[in-house]
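Dear colleague,

Please find below the structure that I am handing over to you. I would be grateful if you would read the notes with the structure open beside them.

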Amino acid sequence: MHELPQTLVNGLTLGALYGLIAIGYTMVYGIVQLINFAHGEIFMIGGFGALTIYIWLPSGTALSLALPLMLIGGVIASVAIATAAERFAYRPLRGGPRLAPLITAIGLSIALQQAVWAFYPDAKKPRSFPQFEGSSFEIFSDLHIQRGDAFLLIAAPVCMLALGLFVSKSRAGRAMQATAQDPDTAKLMGINTDRIIVMAFAIGGAFAAVAALSHGLKYGQINFEMGFIAGLKAFTAAVLGGIGNIYGAMLGGVVLGIVEALAIKYIQDIPGMDQLGGGAWKDVWAFTLLIVVLLVRPQGLLGERVADRA
């Protein structure tokens, strides 16, 4: 049990990563009722955008100086792909059969992944990502936080709270709420719903870029396949917390990350469960948790039950 605090911190950092990506899912779904399965690849492209900026900088540039530029590069790459996807892939299908944009999202996900694999230099193998130099932060004798994890633990709540304030207090945020509730009425009230939807995709892309930078700092490498599993876990987190709810997405990510960390550490120590523990089974326990929560509370942890209209 003396390792429990460290396990919880590891789960918290992993969950914060899932939560940042999940907010992109929940923003888009909350406004246009679209599950953007290409969001994982938007996250991946943000990582390659940040790495490209670092490669272009003069050799020996300190990571603390390069980090803001890497973040800007990642955000530009992710937002550009996200808004282009909305304009050219999803907008022409708006108002059509609901299955059409879903299939398009899956196809776009594969296309983006293969485009990076084919055209980014040396992307066929994992690319090294810069990491902070120096030892980890020691809070207690048995509790250590890596510098990359510390960046993630600061960035995730700051981004979430900033977005929450933006949506609840700003004029554009109120327009987002109106568009989410009834886009046709919002359009009649003078709201440019197309611009609001593009804004939602852009915000989701920006959060994905922050998550991608955090992922690279945490693990020390990125690859063209990293968006698939991360995107799937983030979608699970969004559903777990209540898709359409910003704080629910982060809560779902944190719960999912902690459950994974505890499962990796402790399931194999339970008598008779030694074959069901370790990292190979962490995905099984994560989706088992999702099934249990949806059976008990179908709208998710912070989701609101919506009454059927007559």
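This is a predicted model: local features need pLDDT of at least 70, side-chain atom pairs count only at pLDDT 80 or more; totals for chains, interfaces and linings use all residues.

Residues are numbered from 1 along each chain as its sequence is written, and side-chain values use heavy atoms, with hydrogens and water left out.

**The largest pocket**

A pocket is found on a 1 Å grid over the protein atoms alone: it is an open set of points where a 1.4 Å probe fits, with protein on both sides within 12 Å along at least five of seven lines, and its lining residues have an atom within 4 Å of a point. Grid points are joined across faces, edges and corners, and the volume is the space filled by probe spheres set on the points. The largest pocket holds about 1,100 Å³ of space. It is lined by 34 residues, of which Gly30, Gln33, Ile243, Gly244 and Asn245 are the closest to its centre.

At least two lining residues come from each of helix H1 (4–32), helix H5 (147–169), helix H6 (171–181), H9 and H10. Helices (H or I, at least four residues) and strands (E, at least two) are DSSP runs, numbered from the N terminus. The lining comprises 17 nonpolar, 14 polar and three charged residues. Here Ala, Val, Leu, Ile, Met, Phe, Trp, Tyr, Cys and Pro count as nonpolar, Asp, Glu, Lys and Arg as charged, and the others, Gly among them, as polar.

**The second largest pocket**

About 560 Å³ of space lies in the second largest pocket. Among its 25 lining residues, Val32, Gln33, Leu34, Arg94 and Gly95 are the closest to the centre. H1, H3, helix H4 (99–119), helix H7 (183–188) and helix H8 (193–219) each give two or more residues to this lining. The largest share, four residues, is that of H8. By class, the lining has 13 nonpolar, five polar and seven charged residues.

Gln33 lies in the loop between H1 and helix H2 (39–56). With a relative accessibility of 37%, Gln33 is partly exposed; buried means under 20% relative accessible area, exposed over 50%, and partly exposed in between (1.4 Å probe, protein chains only). Most residues other than glycine have a negative phi. Gln33, however, has a positive phi near 55°.

**The pair H9 and H10**

The axes of helix H9 (residues 226–241) and helix H10 (residues 246–266) come within 7 Å and cross at roughly 115°. These axes are lines fitted to C-alpha atoms, for helices over the stretch in contact, and angles run from 0 to 180 degrees between N-to-C directions. Contact means heavy atoms within 4.5 Å. On the H9 side, Lys233, Thr236, Ala237, Ala238, Leu240 and Gly241 take part, and they meet Gly248, Ala249, Gly252, Gly253, Val255, Leu256 and Glu260 of H10. The residues of this contact are six nonpolar, five polar and two charged.

Val255, in helix H10, is partly exposed at 26% relative accessible area. Apart from neighbours within four places in sequence, Val255 is in contact with Leu240, Leu289 and Leu301.

Tyr25 belongs to helix H1 and is buried, at 3% relative accessible area. Beyond four places in sequence, Tyr25 touches Asn36, Phe37, His39, Gly40, Gly231, Leu232, Ala234, Phe235 and Ala238. Tyr25 and Ala237 are 212 residues apart in sequence, yet their C-alpha atoms are 9.6 Å apart.

Glu86 is part of helix H3 (residues 63–90). Its relative accessible area is 1%, so Glu86 counts as buried. Setting aside neighbours within four places in sequence, its contacts are Arg91, Arg94, Ile197, Val198 and Phe201.

**The loop between H4 and S1**

Lys124 lies in the loop between H4 and strand S1 (127–128). Lys124 is exposed, because its relative accessibility is 53%. Not counting residues up to four places away in sequence, Lys124 touches Trp117, Ala118 and Phe224. Lys124 and Glu225 are 101 residues apart in sequence and 9.5 Å apart in space, C-alpha to C-alpha. The loop between H4 and S1 also holds Asp122, which has a positive phi of about 60° although it is not a glycine.

Yours sincerely
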